[in-house]
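This report covers pockets and the residues that line them. Please look at the model first.

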Amino acid sequence: MVTVELANRSGAEVEEEAAVELARQVLAAEGIEDGELGLVFVGPDEMRELKRDHLGEDEVTDVLSFPIDGRDALPDGVPRQLGDAVLCPQVVGDAWREPLVHGLLHLLGYEHGEEMEAREAALLS
């Protein structure tokens with residue numbers, strides 16, 4: 001099973017259980033049955049700071065992904081560290097599912113384009 005470490009530092013109410021369940025469903029559909037995932041909800045100021053520090057763009061955004069192992073082959077006995085998906089509830093509002101799926105696919109190595117868009121549509125249908 002994928003272990004999800006969830007943190008909500010956003011100050012907003014978040015559907016935490018639903019987000020964890022969706023994350024596990026997406027990862028299972030992508031063939032990831034075991035591993036560790038960080039799911040973090042942050043406020044606009046922290047999201048702006050993260051995007052500025054890591055991407056050089058001084059603006060708030062809906063989701064950022066910080067991949068670690070992705071789909072890489074790992075030695076036996078080494079747990080898969082998927083990385084962190086960071087969402088800003090104040091930006092995504094009630095439409096958090098699409099950005100979460102988008103961020104999770106980035107953790108697995110997807111890049112923007114038709115393949116990623118088709119996979120997002122399939123996972124959200």
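A pocket here is an open set of grid points with protein on both sides within 12 Å along at least five of seven lines, and its lining residues have an atom within 4 Å of a point. The model is predicted.

With that in hand, take the second largest pocket. Thr3, Glu5 and Ala7 belong to its lining. So do Glu36, Leu37, Gly38 and Val40. Ile68, Gln81, Gly83 and Asp84 complete the list. The elements giving two or more residues to this lining are β1 (2-8), β2 (35-41) and β4 (81-87). β2 supplies the largest share, four residues.

Now the largest pocket. Its lining counts 15 residues. Leu55, Leu64, Ser65, His106 and His112 lie nearest its centre. Two or more lining residues come from each of α2 (44-55), β3 (63-67) and α4 (97-107). β3 gives the most, with four residues.

| Pocket | Volume | Lining by class |
|---|---|---|
| Largest pocket | about 340 Å³ | five nonpolar, seven polar and three charged residues |
| Second largest pocket | about 180 Å³ | four nonpolar, four polar and three charged residues |

Which element gives the most to the lining of the largest pocket? That is β3. Which element provides the largest share of the lining of the second largest pocket? There, β2 does.

Notes: Residues numbered from 1 in each chain as written. Predicted model: local features only at pLDDT ≥ 70, side-chain atom pairs only at ≥ 80, totals over all residues. Heavy atoms only, no water. 1 Å grid on protein atoms, 1.4 Å probe; cavity = no way out; pocket = protein on both sides within 12 Å on 5 of 7 lines; lining within 4 Å. Points joined across faces, edges and corners; volume = space filled by probe spheres on them. Nonpolar A, V, L, I, M, F, W, Y, C, P; charged D, E, K, R; others polar.
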